[in-house]
Amino acid sequence: MKIVMAIIKPFKLEEVRDALTSIGVHGLTVTEVKGYGRQKGHTEIYRGAEYAVSFLPKLKIEVAVAVDLVSNVVDAIAAAARTGQIGDGKIFVLPLEKAVRIRTGETDIDAL
Amino acid sequence: MKLRHLLAAGLGGAVLALALVEPSLAQTPTVEAPTAAAAAAAPVPNKGDTAWMLISTALVLMMSVPGLALFYGGLVRTKNMLSVLTQVFAIVSVAALLWVFYGYSLAFTNGGGINDFVGGFSKAFLRGIDANATVGTFSNGIVIPEYVYLCFQMTFAMITPALIVGAFAERMKFSALMLFSVLWLTFIYFPMAHMVWYWGGPDAVGNAARALAAATDETSRKAAQDALDAVNADAGMLFKWGALDFAGGTVVHINAGIAGIVGCLLIGKRIGYGRDLLAPHSLTMTMIGASLLWVGWFGFNAGSNLEANGSAALAMLNTFVATAAAAVSWLFVEWAAKGKPSLLGMLSGAIAGLVAVTPACGFAGPMGSIVLGLVAGAVCFVMCSTVKNAIGYDDSLDVFGVHCVGGIIGALATGILVNPALGGVGVPDYTTKPGELVAAAYEFGPAFLAQAKAVGFTILWSGIGSAILYKLVDVLVGLRVTSDEEREGLDVADHGERAYNY
């Protein structure tokens, strides 16, 4: 099992969800995050006080999947979240040791 | 059971007593007929004027709560929202009580030997005032109930110290602010209101002038002249200088603006000023607050006419157009200078325009007011965006840049725009034609000089006085919260609540 963690532009969430649903992934966690990479921030001016805003709002999505699905999931997210502009985000794949479905007590692959 | 019997017996007794007294009550009018006829000569309040003043009074309250509270609240960070709302509401409530205890008396009675500066205590706790008491307006023979006049003036005393809060928002201790507000109202505001607004009224001046005109021989002319001089001398110092301040440019805005800049200099900058993002947390709230301020300002400015007539309508018109001009002015100047037209800029411009037109609204013409608004919007923009950054003081919500600078522009411009040649109504004169309000001949020099003197005096009075009071409060309770409390936010540190619980 693996965790696929992706940082994406907030307005791409629905497209990413649709892409994941179409390859059979039913379940996803989303967190609002802020960060920066190569995309520069922007300037906000309040009555002449200028602030450089370098941390931009992004969404972090996390999907737990079986190993054989990982490359499909990564491809689906990459295709759906891409705009071609700087700031599209990143995808990370991490190992996952154990999973439990709280309601039934099922574990690992059965719990996903 | 016993209590009920007692009550019933008491009630019966009262009815019986009333029945016995009735004949004498019925007689009263005939007995007092001569006195009543004499009293009938005294002017009676007009219901329209009274209704307008009642409404204006409520409108000015709406400026401070919720208007000013939301305007300021939206400009601070989330963690300090509740503290600003609390500070404004608390100041407004304390000021209302101080006003009826002794503030009204200090502002609007004769102060004897120090009458130039402050009144006395003869109306402390509203002594001697009842629902039949009246005060003069700006027209001969027209009065309004003293109760509504004192309530109207009360709302000015309520909003002025609340304006100062913006200068040191997000870092001043609540206890220090309360103590400072009480002291500042007592030693700065009440005397200032007395100096600018206390005078004998048009009827006293008119009657004395009429007596002078009627005087035939040298002796009686001299006596009448002395009487007129005495009436004219019974006024606040700035009023006697001939300073024009229709609705409180000096008393409210310059006064509060100077106290604000002195406060923010003494208290120091916020932690993270110039480094962290100290952006407003809700410009939506700020927009609602600014709009409520504009609407409430019709009570403030047009209400300051004290009568519902064409002069009040002029003040209303000026309050419309100067504000609109200043909002547009700031918007476009900022657009040209910084590349984007901002909401906060436009709202700040509107407030600058409202402030600037406050002393001028009853004296200037509408076209003069538009020019005033355009100038105020542009100058206040430069103050808040360039001068403030260059000097580097942390006036959190620009009390100085908007209220003091806008107030000074307005006060000085009033001396120019009152000129009938520029569409103004002219300097009021009650003596040339006794019993009538006419425009005196306009001379630029004396008119402008009186305004400049009033501005200079206000800056010194409030600047020096406020500095002393801040120092005193600092010694007694300490002005500023600890740096841990400031980082945590005043909502939790001072009040143990949060504005928002998501």
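The conversation below takes up the predicted model, beginning with chain A and then passing to chain B.

Visitor: In what order do the elements of chain A run from the N terminus on?

Guide: Chain A holds 2 helices and 6 strands, and the question is how the helices are placed among the strands. Read from the N terminus on, the elements of chain A give the order β-α-β-β-β-β-α-β.

Visitor: Is chain A a compact globule or more spread out?

Guide: The C-alpha atoms of chain A fill a box of roughly 60 × 30 × 20 Å along the principal axes, and buried residues make up 18% of its 112 residues. For 112 residues the globule rule gives 13 Å, whereas the radius of gyration of chain A is 17 Å, well over that value, so chain A is more spread out than a compact globule.

Visitor: Which strands form the edges of the open sheet in chain A?

Guide: The open sheet has 4 strands, with antiparallel pairing, in the order β2-β5-β1-β6 of chain A, and the twist from one strand to the next averages 20 degrees. An edge strand pairs on one side only, and in chain A this description applies to β2 (29-35) and β6 (89-95).

Visitor: How many bridges join β2(A) to β5(A)?

Guide: Strand β5 (residues 56-65) of chain A runs antiparallel to strand β1 (residues 2-8) of chain A, and 7 bridges join the two; within this pairing, Ala6(A) has Ile61(A) as its bridge partner. With β2(A), which also runs antiparallel to β5(A), the bridge partner of Thr31(A) is Lys60(A). The number of bridges that join β2(A) to β5(A) is 7.

Visitor: At what angle does the direction of helix α2 of chain A lie to that of β1(A)?

Guide: Helix α1 (residues 13-22) of chain A lies across β1, β2 and β5 of chain A, and runs at about 10 degrees to β5(A). Helix α2 (residues 70-81) of chain A also packs on the sheet, where it touches β1, β5 and β6 of chain A, and its direction makes an angle with that of β1(A) of about 5 degrees.

Visitor: Which strand gives the most to the side of chain A that touches chain B?

Guide: The contact takes 7 residues from chain A and 14 residues from chain B, and the residues on the side of chain A divide into 4 nonpolar, 1 polar and 2 charged. Two strands of chain A, β3 (42-46) and β4 (49-53), each supply at least two residues of that side. The strand that gives the most, with 3 residues, is β3(A).

Visitor: How many nonpolar, polar and charged residues has the contact of α6(B) with α10(B)?

Guide: Helix α6 (residues 174-197) and helix α10 (residues 249-267) of chain B pack at an angle of about 145 degrees, with their axes 10 Å apart, and their crossing is right-handed. On α6(B) the contact is made by Trp184(B), Ile188(B), Tyr189(B), Met192(B), Ala193(B), Val196(B) and Trp197(B), and on α10(B) by Thr250(B), Val251(B), Asn255(B) and Ala259(B). By class, the contact of α6(B) with α10(B) has 9 nonpolar, 2 polar and no charged residues.

Visitor: Does Leu306(B) count as buried or exposed?

Guide: Leu306(B) is not a glycine, although it has a positive phi of about 70 degrees, and it is found in the loop between α11 (283-303) and α12 (310-338) of chain B. A residue is buried if 20 or more other C-beta atoms lie within 10 Å of its own. Leu306(B) has 23 C-beta neighbours inside 10 Å, and therefore counts as buried.

Visitor: How many other C-beta atoms lie within 10 Å in the case of Asp398(B)?

Guide: Asp398(B) is found in the loop between α14 (366-391) and α15 (399-417) of chain B, and its phi is near 60 degrees, a positive value in a residue other than glycine. Asp398(B) is buried, and the number of other C-beta atoms within 10 Å is 26.

How values were computed
Residues numbered from 1 in each chain as written. Chains lettered and ligands numbered in written order. Predicted model: local features only at pLDDT ≥ 70, side-chain atom pairs only at ≥ 80, totals over all residues. Axes fitted to C-alpha atoms, helices over the stretch in contact; angles between N-to-C directions. Left-handed = near helix turned anticlockwise from the far one by under 90°. Contact = placed C-beta atoms within 7 Å. Nonpolar A, V, L, I, M, F, W, Y, C, P; charged D, E, K, R; others polar. Pairing = 2+ DSSP bridges. Rg over C-alpha atoms; globule rule 2.2 N^0.38 Å. Buried ≥ 20, exposed ≤ 12 C-beta atoms within 10 Å, placed from the backbone.
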